[in-house]
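Come along and check each entry with me.

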Amino acid sequence: MLVLLRKEIASFFASATGVVVIGIFLLLTGVFLWVLPVETNVLNSGYANLDGLFSLAPWLYLFLIPALTMRMFPDEFRSGTMELLLTRPVSRMQIVLAKYFAGVALAVLSLLPTLVYFLTVCWLGAPAYNMDFGGFWGSFLGLVLLAMVYVSIGIFASTLSDNPVVAFLVAALFCYLSYQGFEWIALLFDGAHAQDMVSRMGIAYHYESMSRGVIDLRDLAYFLTVIVLFLCGAFLVFKGKPTWRFAYVLGAVLAFDLLAVFFFFRLDLTSEKRYTLSPQTRSFLKQVEEPVDVTVYLEGDLNMGFLRLKKSTADMLTEMKVYANKDISVTFVNPAQGATDEERNAHYAELQAAGLTATMVHDRDREGRQQQKVVFPWLRMMTEKDTVNVLLLKNIAGNSGDENLNVSIENLEYGLIDALRRLTNKHPLDVAFLEGHGELPEQYVSDISEQLSQYYNVHRGALGTDVDALDPFKVLIVARPLKAFSETDKFIIDQYIMRGGRVLWLVDGVSVDAGTAIANDVKISDMLFTYGVRIDPVLLSDVQCSYIPLLFDDEEDNAEPQMYPWYYSPLLTLSPYNVITKNIAPVEGQFVSAIDFVGEDSLLRREVLMATSAHTGVESVPCPVSFEIVELSGESSFFANAYVPVACLQEGSFRSVFANRMVPKEMNMKGRQIVAESAPTRMIVVADGDLIANDYESGQPLPLGYNKYMGRQFGNGDFVLNAVNYLADDEGWMSLRGRSLKLRLLDKTRVSVLRNRCIAFNLGLPLLLLIIFSVGYQLVRKNIYKR
């Protein structure tokens, strides 16, 4: 077999045809990757990867592989050497295998020059070598396996005719039908399940995961099965007779297929394991009891960033389909569909009415011309009974476009599984807003209440004398109390915490009345102190703040209000390390106070969630509050403090404030004893009650965190929702928000300066290497024969 293998390789390079075939393949690959302004163009994408190579290769293989294999049997038939070959001590199956492995070797040799592209992308990375090496080599392995399948098809086609051209055409047709044909056939069936079953029969379905660097045992089994079937077909066409060995091979392949079905193995070779779903996600997907339809509106004329978001969304949905108990049907829809502008605008209006808002994207082409596009970065997840809209794009002020797209990709698993959980949640937990102490009225928490209602049953109410009054609720929300808590109320809340209850405290340290800030003492300082935290009665101001329109008395009557920095409304800095605050927009505060941790308690884990900026003013109360502060320079020594904590998370076991106190006489203890130390639980304390309050305009509530004067959406709603979800989370769902993916970009400066050199290098060097190899091979072969 080795002699035959060397003979095939030698005969391929003995003629100029072989070199020309590989040269055309390398030239076409280089043109699509480095020259043409298409999706696969590496330099235009801006990202340090070669995804374009792995999506392009299956189509270029339709030319390359049939050209590599088209002469392997026809030349033997036409020249009469096959009869001579059969007189040798070699079986027909050995002949087939020798020619097959020769074809695989030639295919791999044709791929090796493409490693020049890999070196170029490494060098152009920002910083250099900022590339996912594991993902690349995993995808490259998938490319080799795809070549092996195509070669087996080419070998089979070459046994059907003694005409190389016919063999080429048949191989190209069979490769195309095997790769893409089943995708077209699937469209003829009704129902997602039937379409999915048909698609699984095609090569494209199984190559998709490998092209991302994910090795699945079922895909390996599929590739092995296809290879063996076509090689066995070639053996039978080649006048071979089935033998027991033939049956053994088929039996072994069948056994491997069964092993792949019953023994699940999936290896993610990417550096950040970006295609590895969390254990809780996999477990949840196996419990989904009804089919899910997903419509993604990322389609049409998209820039490279949104194409990357589209691909990442498709990849994540594909991974979810792998583990789902029921079908997840995915459809990509172009929101700009329509033959006329009227039809297109009507479709836009329909999407807007369904709650899918458009995003205006401003781009520049290579000539620097401004372009504006309408994008709907949304998907809709639907079951028979309900629909959930999911915003795929996270737009955080201060981040670049690439950073926001990377954040969006980081949050895909959490966003998708969060939507699916809402769709399938038949037994939502209960949360409650506390009343009876001057807390924010219902209309001022209407927006966050609506958001929470997508996850929980939301209640409101005051406390009585029942010690168990709060037990049905997973989370208690205390939203800006202004009146003192009675000992009875404090006792009920304390014992609720001792039994594992979770509390979100949003309490003002100061209240502002008639131009004066005074301490807001609602008689819970002793509770919070015992729990390890103190809200200081100080008023914070911050150079990093929102703006308000003001018109001073000394200005002209027809003067327009001017925007001034309102230092008493700080834009709070969020911890990038906590899943509650990671990747959300700054949070807008209003008359904020400071938080201190009290004592050292080994039973508690503490973490600051929000703080002021590096230029903060701290005033003890009582103190005046005046609009004249807007005239203060941000460089004033008044802002001499830095990073003052405003919100914190505490987790662990808390000590009861009533451990050494009498039980309030009004309490109905129902025969219970005081619990002096809590079960493991958690609480969040925020020294700003207005942070949860939504504004109003024309009698309608505005989204929580929306500043109507600045026309900007802040992260208040995301923070409160994440805080409640974290407090209620016993299964670790919020940990999915902690996923981090390294942003791998090309150096734009180097790409711009060295663009033409990169194109010439990646077009010329692979061809030069091919020529050097061919000439060297001929010289070595000539010297051998001279001897």
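I started with helix α7, where I95, V96, A98, K99, Y100, A102, G103, V104, L106, A107, S110 and L111 are buried. I kept in mind that this is a predicted model.

Next I checked the length of α7, residues 92-111. At 1.5 Å a residue, its 20 residues should span 28 Å, and the end C-alpha atoms are 29 Å apart, so the two agree.

I then looked up R92 and found its C-alpha atom 9.5 Å from that of L236, although 144 residues separate them along the chain. L236 sits in helix α13, residues 217-237.

On to the inside. The largest nonpolar core has 84 residues, and Y150 is among those with the most contacts within it, as are L50 and I203. Helix α9, residues 133-158, gives the most to this core, 13 residues. Leaving out neighbours within four places in sequence, I listed the contacts of Y150 as P58, Y61, L62, I65, C175, Y179 and I203. I also found a second, separate core of 83 residues, including L392 and A419.

W59, L173, Y176, L177, W184 and L187 make a nonpolar surface patch of about 620 Å². Helix α10, residues 164-186, supplies the largest share, 4 residues. L187 lies in the loop between α10 and α11, and I wrote it down as exposed because its relative accessible area is 57%.

Note on methods
Residues numbered from 1 in each chain as written. Predicted model: local features only at pLDDT ≥ 70, side-chain atom pairs only at ≥ 80, totals over all residues. Heavy atoms only, no water. Patch = residues over 30% accessible without salt bridge, like charges linked within 9 Å, V, L, I, M, F, W, Y side chains within 5 Å. Areas by Shrake-Rupley, 256 points an atom, 1.4 Å probe, with all protein chains shown as cover. Salt bridge = Lys/Arg side-chain N within 4 Å of Asp/Glu carboxyl O. Helix = DSSP H or I, 4+ residues; strand = E, 2+ residues; numbered from the N terminus. Buried < 20%, exposed > 50% of the residue type's maximum accessible area, 1.4 Å probe, protein only. Expected span 1.5 Å × (residues − 1). Core = buried A, V, L, I, M, F, W, Y, C linked by side-chain atoms within 4.5 Å. Contact = heavy atoms within 4.5 Å.
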